Amino acid sequence: MFDSEPYCLDNLPSPNAPPAEKERQWRIWASREIQQRALLAHYILDGLVSQMSGDSTSVRHVANQLGPPSSEAAFEAGTADEWLVHMRSSSNMTTDQRLSFRLVFRQLFSPPGGGSLPLQQHAFSAFSLRVILEGLQSLVSDCDDEEGDAIVAVGVPVRSDVRRALLQVHDNIITINMHLSTPERLEILLRWHTICLDTVINSSLLCRYICASYNISQHLSPPAGKAMKSGFDLVKWANTEDARMALLHAVAIQDIVEQLPRGRAHVIHMPSSLFAAATVYIVFSLAGVTTVNLPRTIVWQDVLFPKTESGIGLGGLGTSAMDSETKRYIRGERSPSGTPGTTRNLLYELNSMQKLFRCLSSQWGIAHDMEDIVDQWIALCH
């Protein structure tokens, strides 16, 4: 399947070419584009399966030599002439055909000042951003669960480097890819928050901890994944900085799901993202922390790097105050008197999530199993 050369833009017919030649080149391009997108879709699916199972990916995503697909407008063209117009637009003609996902990952992990970053040079499609995110998810799955252990597989970046790469992707999604529709941007950010959450704690493993602690039967996270560590205390974890970082991502996930139009429920990562958020919510609820006061505005750089001073070591990706509301919340400090915040009742939110799973189950069978587990979790809190 990989034995297919990318379509060479030099072969694009001129606007005055015979219709038969335009049609022939359109079909050649379409066949190669479909083949490339099918392969990239397997990378996306592989990353999602890895995250749900708690196991490593089947392929090495960061070695992906495929290039980004062409624009959605060109791919959805209904005629050869329409396709040709889109292909000759500036967004397609200026695309560097040497760019590959492997090069994107390599530059994402280059030292600061080591050269320009492709993510700052290119406006990627929603499809391409999903492939990039699953590559980062594959690195998260290869990291050890404890950052302090600093134990990673050979050739795998440490967790802090993966977070730095995720911050660059977030910057690209928000500031560079202005062509994305609002639902597309929300869907990509939904996956981004889920992967960031997993840099704090493996959500699949956390589900197993909860179910094992309360004798709840589940088959969403098989025991063949990462081994559970003995002595893990759910209540103790809920009062850590890591837990508060995970909660901020969980809240963002729920907010995004509720903002998305109902017609976008087909997004393949929506059930797993919502379940990861519910998993974090229930840990707090079981620990007796049912009501939380969150910062009104979240600085995501501070969530990923709560102990970094003013963006030091982040390659100039932005700065934030050392004692921002976000950092104070993560440290467990009370907000200054008069500082506005957002109060959330996590048990109430879990009940809302339960209804969302019920809606999703009409399209995703796995959402029915997730709803059943969340229902048993909620019963533990009453």
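Good morning. The protein chain exposes about 17,700 Å² of accessible area, and carbon and sulfur atoms supply 52% of it; the areas come from the Shrake-Rupley method with a 1.4 Å probe, and for residues only the protein chains shown count as cover. This is a predicted model, in which local features need pLDDT of at least 70 and side-chain atom pairs count only at pLDDT 80 or more, while totals for chains, interfaces and linings use all residues. Residues are numbered from 1 along each chain as its sequence is written, and side-chain values use heavy atoms, with hydrogens and water left out.

I begin with confidence. pLDDT is the predictor's confidence in each residue, from 0 to 100. The protein chain averages 84, and 84% of the residues score at least 70. Over residues 145-150 pLDDT stays under 50, and over residues 315-321 it also stays under 50. Where pLDDT is low, the predicted coordinates should not be read in detail.

Next, the overall fold. The protein chain has 17 helices and two strands; helices (H or I, at least four residues) and strands (E, at least two) are DSSP runs, numbered from the N terminus. Of its 382 residues, 50% count as buried. Buried means under 20% relative accessible area, exposed means over 50%, and partly exposed lies in between (1.4 Å probe, protein chains only).

Which residues touch the most other members of the largest nonpolar core? They are Leu247, Phe275, Phe357 and Trp377, in a core of 95 residues. The largest share of this core, 11 residues, is contributed by helix H12 (residues 241-259). Apart from it lies another core of 11 residues, including Tyr7 and Met87. A nonpolar core here is a set of buried Ala, Val, Leu, Ile, Met, Phe, Trp, Tyr and Cys residues joined through side-chain atoms within 4.5 Å.

Helix H10 (203-213) deserves a separate look. Nine of its 11 residues are buried, among them Leu205, Arg208 and Tyr209. Its buried residues pack against helices H1 (19-53), H9 (182-200), H11, H13 (270-286) and H17 (365-380), a contact being heavy atoms within 4.5 Å. Just after H10, Asn215 takes a positive phi of about 55 degrees, although Asn215 is not a glycine. Asn215 sits in the loop between H10 and helix H11 (234-237) and is exposed, at a relative accessible area of 73%.

Finally, charged pairs. The whole structure holds 12 salt bridges, each defined as a side-chain nitrogen of Lys or Arg within 4 Å of a carboxyl oxygen of Asp or Glu. Glu21 and Arg24 form one (3.4 Å, N to O); they are three residues apart in helix H1, and therefore separated by about one helical turn. Glu23 and Arg27 form another (3.4 Å, N to O), being four residues apart in helix H1. Here Glu23 is partly exposed at 29%, whereas Arg27 is exposed at 58%.

What does the salt bridge between Arg344 and Asp255 tie together? Their closest N and O atoms are 2.8 Å apart. Arg344 lies in strand E2 (residues 341-345) and Asp255 in helix H12, so the pair ties together parts that are 89 residues apart in sequence. Arg344 is buried, at 13%, while Asp255 is partly exposed, at 25%.
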